[in-house]
Amino acid sequence: MAGSASYPLQFSVFPKELAFALALGSSDSQTVTLENKSDEAAVAFKLQSNSPSRYGVRPANGIIPPLSKVEVTVRLKALETLDVGNGDKFLVRCTTLPADSVSFPSERWKELSKKHVTKYLLKVKFKKGPAQE
């Protein structure tokens with residue numbers, strides 16, 4: 001059963017903050033490493049943004065086998081304006097699964113009790129590119 005108490009979540013997210021270069025007409029990418037530190041459970045994950053039209057995320061969801069890592073690429077799409085504000089965030093949702101799990105359909109996230117989902121918040125910072133300094 002997903003989120004079962006018999007599988008304590010042993011999971012890490014690095015970095016805790018994403019820093020993107022702020023430049024017109026060019027994109028920038030950052031890597032987020034998700035690590036399942038458990039030797040008894042797999043972890044299903046899903047990455048969401050409060051500004052989904054501004055970013056591409058690959059893979060945006062999946063399963064991490066026991067004692068494994070996944071690198072997720074977060075790409076800031078080419079900007080048409082430098083007025084981006086400072087409220088962009090990413091939410092990493094995760095839940096434990098039996099170690100031999102190979103799939104976790106996205107509709108299952110809606111079925112999970114909140115107590116079976118752990119959330120990590122990643123803040124976004126923009127750094128000035130060479131043309132704006």
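This passage describes an open sheet and two residues, Ser68 and Asp28, in a predicted model. Local features in this model require pLDDT of at least 70 and side-chain atom pairs pLDDT 80 or more, whereas totals for chains, interfaces and linings use all residues. Residues are numbered from 1 along each chain as its sequence is written, and side-chain values use heavy atoms, with hydrogens and water left out.

Strands β1 (11-14) and β5 (55-58) form the edges, each pairing on one side only. The antiparallel strands β5 and β7 are joined by 4 bridges, and Gly56 has Arg75 in β7 as its bridge partner.

Ser68 lies in strand β7 (residues 68-76). Ser68 counts as partly exposed because its relative accessibility is 21%; this class lies between buried, under 20% relative accessible area, and exposed, over 50% (1.4 Å probe, protein chains only). Neighbours within four places in sequence aside, Ser68 is in contact (heavy atoms within 4.5 Å) with Leu34, Glu35 and Asn36. The C-alpha atoms of Ser68 and Glu35 are separated by 6.0 Å, with the residues 33 apart along the chain.

Asp28 belongs to strand β3 (residues 28-36). With the same exclusion of neighbours within four places in sequence, contacts of Asp28 include Ala19, Val74 and Arg75. The side chain of Asp28 reaches the backbone nitrogen of Ala21 at 2.7 Å.

How values were computed. Two strands pair if DSSP finds at least two bridges between them. A polar contact is a pair of N or O atoms within 3.5 Å; within protein, one must be able to donate a hydrogen and the other to accept it, and residues adjacent in sequence count only if both atoms are side-chain atoms.
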